[in-house]
Amino acid sequence: MYLTQGLHRAVQQRPDAPATIDGSRTRTHAESVDRIARLAGALRGLGVEDGARAAVLALNSDRYHEWLAATLWAGGVVVPVNFRWSVPEIADSLDEVGATVLAVDDLFAPMVPALRQTVPGLAHVVHLGDGATPEGTRPVEELLGGSGPVEDARRGGEDLAGVFYTGGTTGRSKGVMLSHRNLLTAIMGGLAISEPVETSVYLHAAPMFHLADFSMWVTEVVAGGTHVMIPAFDPVAVMQAVQAHGVTDLLLVPTMVQLVVDHPALDEHDLTSVRRVLYGASPMSEALLGRAMKALPNARFLQAYGMTELAPSATLLTPTDHEHPVHRRSVGRAAPHTEVRIVGPDDRELPRGEVGEIVVSGGNVMLGYWHRPEQTAEALRGGWMHTGDAGWMDDEGYVYLTDRIKDMIISGGENVYSVEVESVLAQHPSVATCAVIGVPDETWGERVHAVVVPVPGATPTLQELHDFCTERIAGYKVPRSVEVVDGLPLSAAGKVLKRELRRPYWEGHERAVH
């Protein structure tokens with residue numbers, strides 16, 4: 001099993017069919033794979049082979065697709081960079097994973113000087129954009145023009161395919177190591193319960209650095225379908241692309257779904273080509289699901305629950321499940337490639353109906369965290385991935401989320417770990433101590449909320465704290481609301497009782513997670 005297998009099949013079976021559509025630029029499978037094979041040759045010349053890490057910091061594009069595929073074809077390991085991070089966060093991840101080659105597009109090229117200065121091992125930077133080539137970078141078209149096609153390295157199985165950074169409960173992001181087998185196992189499990197759409201056309205609207213969209217990239221490579229790219233999510237751009245290219249498949253988080261189906265221009269666009277909508281990161285409300293089904297009348301909806309460490313799916317709520325009023329409140333049942341349990345603190349399985357931690361086993365479970373053996377051992381103890389999510393399972397195997405055991409917020413589909421935000425807030429001169437929690441939000445599902453105890457005589461404002469955090473961490477991690485209090489509730493051991501802080505915000509909700 002290797003991730004580039006589907007590229008060979010597509011050229012063999014549908015060479016003249018479109019592989020990628022990016023604006024006015026369309027490339028067939030034959031053209032796309034030729035470019036991938038030649039770019040792979042150039043990458044080998046830059047040292048990308050035998051598991052070397054090549055990173056990419058860019059918006060969605062056909063060149064992003066080619067970079068991912070060429071890195072794997074060359075025998076390297078992909079490191080998609082979260083472009084919402086600050087420069088220090090990006091530099092930290094590139095340095096830790098030992099990336100020697102980085103690709104950037106026009107938007108992120110200005111970061112290159114700072115990254116070169118702070119990442120000493122970064123030997124080569126490749127420009128993927130259409131604008132003028134920035135100083136100190138090499139244009140991708142020049143690399144392509146100067147290289148002949150090379151044979152596919154066909155690294156696969158347990159070989160490392162990618163390092164995908166996710167939030168860290170200790171304040172630093174962790175690099176999740178996923179093998180070819182991990183990623184393909186999860187994809188095959190999803191395909192096993194999907195109704196086939198011949199010649200599928202998938203729209204990359206979610207960011208391609210995110211494992212959810214990356215997994216759909218793998219799906220389309222396996223299926224030999226067409227990748228349609230828009231640079232970033234925009235509801236009108238989504239509707240225009242669907243209408244223009246006959247998009248059949250979408251992946252959106254509930255926040256994105258809401259922005260599309262509630263947009264005033266919805267009736268001006270023909271969305272009847274959409275056959276499948278995959279959503280995740282958080283459950284969708286009954287009201288929003290109803291509006292989405294009306295706006296996309298020919299689509300069937302599939303919800304996936306999981307995490308980066310699971311490549312990324314653990315359970316699936318099928319289109320048929322969505323028709324059941326009780327089942328659709330769940331996150332579905334164990335996917336064909338997984339086994340799911342609810343366990344207590346002793347890791348023993350609990351009786352049905354009892355709330356415990358959701359744990360997962362299967363060929364999709366990560367190899368581990370990059371250079372984090374202790375955290376890997378803790379997460380994978382007993383051979384099961386401990387999700388940090390609390391839930392219960394009914395007699396039919398449907399899993400219902402109730403809360404989060406780990407200190408995490410999901411806002412607009414992005415994971416935010418409270419400790420990381422707290423460590424930044426605590427550096428502000430007006431903050432004596434603080435706690436960060438997730439509270440319900442109509443737009444983002446959950447928003448980052450800071451509870452701050454000020455130093456004597458100080459009165460920190462939301463704007464002041466927002467500006468301070470924005471300089472140090474990604475925008476989606478920055479608190480959107482702040483509450484100034486005299487003190488935080490503490491346990492007998494002196495630990496902040498975040499459940500007490502969260503309780504008034506979540507009263508009246510079925511579950512303390514959105």
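Does Asp50 count as buried or exposed? With buried meaning under 20% relative accessible area, exposed over 50%, and partly exposed in between, all with a 1.4 Å probe and protein chains only, Asp50 counts as exposed, at 68% relative accessibility.

Before I go on, what you see is a predicted model, in which local features need pLDDT of at least 70 and side-chain atom pairs count only at pLDDT 80 or more, while totals for chains, interfaces and linings use all residues. Residues are numbered from 1 along each chain as its sequence is written, and side-chain values use heavy atoms, with hydrogens and water left out.

Asp50 sits in the loop between helix 2 and strand 3 (53-57), where helices (H or I, at least four residues) and strands (E, at least two) are DSSP runs numbered from the N terminus. Its phi is near 50 degrees, a positive value in a residue other than glycine. Ala311 also has a positive phi, near 65 degrees, and is again a residue other than glycine, but Ala311 is buried, with a relative accessible area of 0%.

Ala311 lies in the loop between strand 14 and strand 15, and a cis peptide bond, with omega about -10 degrees, joins Ala311 to Pro312. Leu211 belongs to helix 8 and is buried, with a relative accessible area of 4%.

Let me turn to helix 9, residues 235-245, in which Pro235, Val238, Met239, Ala241 and Val242 are buried. These residues lie on the same side of helix 9, because they cover an arc of only 165 degrees around the axis, the arc being that of the directions from the helix axis to the C-beta atoms. The buried residues of helix 9 pack against strand 10 (201-204), strand 11 (226-229), strand 12 (249-252) and helix 10 (254-261). At the start of helix 9, a side-chain oxygen of Asp234 comes to within 3.1 Å of the backbone nitrogen of Val236, and just after the helix, Gly246 adopts a positive phi of about 60 degrees.

Finally, the cavities. On a 1 Å grid over the protein atoms alone, a cavity is a set of points where a 1.4 Å probe fits but cannot get out, and lining residues have an atom within 4 Å of a point; grid points are joined across faces, edges and corners, and a volume is the space filled by probe spheres set on the points. Of the 13 residues that line the largest cavity, Leu7, His29, His65, Val221 and His227 are the closest to its centre. Helix 1 (5-13), helix 2 (29-45) and helix 8 (211-223) each supply at least two residues of that lining.

The second largest cavity contains about 40 Å³ of space, and among the residues lining it are Ile342, Glu349, Arg352, Glu354 and Trp392.

Terms used: 1 Å grid on protein atoms, 1.4 Å probe; cavity = no way out; pocket = protein on both sides within 12 Å on 5 of 7 lines; lining within 4 Å. Contact = heavy atoms within 4.5 Å. Polar contact = N/O pair within 3.5 Å; in protein donor to acceptor, adjacent residues only side chain to side chain.
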